[in-house]
Amino acid sequence: MFRRRIAENNVLRAFAIIVLQFCVTIIGGVIIMSCGAGVMDSMFEAFSASGTVGVSLSLTASMNLAGKITTMLLMYFGRVGILTVSYAIMSRLTESKKEFKNAEANVMVG
């Protein structure tokens with residue numbers, strides 16, 4: 001593209017994000033399916049929520065609390081991004097033991 005190459009590392013990161021979002025959406029679809037919806041209907045709801053499309057099959061009213069929370073989380077992950085949410089959670093878990101130091105500078109003396 002424009003006589004440039006995309007680094008393999010960037011391609012692998014993008015692929016990992018796509019696979020992670022897909023897996024989260026499939027798991028969300030299975031949770032919605034446990035509310036009594038069919039396979040196609042629950043997957044449609046899950047992918048619609050994950051893509052923040054706004055299209056629904058009106059299953060939300062008949063879902064239990066777990067299905068509604070799953071739909072809300074899928075909408076949030078789809079809007080903010082799974083990588084951003086993962087980074088925020090991981091930084092909260094590892095933040096307590098960080099020590100900050102001022103940057104060193106070499107100053108000419110004399």
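User: What is Gln 21 in contact with, leaving aside its neighbours within four places in sequence?

Analyst: Gln 21 is in contact with Ser 50, Phe 77, Gly 78 and Ile 82, once neighbours within four places in sequence are left aside. Contact here means heavy atoms within 4.5 Å. By the way, this is a predicted model: local features need pLDDT of at least 70, side-chain atom pairs count only at pLDDT 80 or more, and totals for chains, interfaces and linings use all residues. Residues are numbered from 1 along each chain as its sequence is written, and side-chain values use heavy atoms, with hydrogens and water left out.

User: How far apart are Gln 21 and Ile 82 in sequence and in space?

Analyst: They're 61 residues apart in sequence and 6.3 Å apart in space, going from C-alpha to C-alpha.

User: Why does Gln 21 count as buried?

Analyst: Look at the cut-offs: buried means under 20% relative accessible area, exposed over 50%, and partly exposed in between (1.4 Å probe, protein chains only). Gln 21 has 17% relative accessibility, which is under 20%, so it counts as buried.

User: And what makes Thr 25 buried?

Analyst: Its relative accessible area is 1%, so the under 20% rule puts Thr 25 in the buried group. Thr 25 touches Ala 46, Phe 47, Ser 50 and Leu 74, not counting residues up to four places away in sequence.

User: What does the secondary structure of the protein chain come to?

Analyst: It's four helices and zero strands.

User: Why is the protein chain called more spread out than a compact globule?

Analyst: The globule rule is 2.2 Å times the number of residues to the power 0.38, and the radius of gyration is taken over C-alpha atoms. For 110 residues the rule gives 13 Å, while the protein chain comes in at 21 Å, well over that, so the chain is more spread out. Its C-alpha atoms fill a box of roughly 80 × 45 × 20 Å along the principal axes.

Methods:
Helix = DSSP H or I, 4+ residues; strand = E, 2+ residues; numbered from the N terminus.
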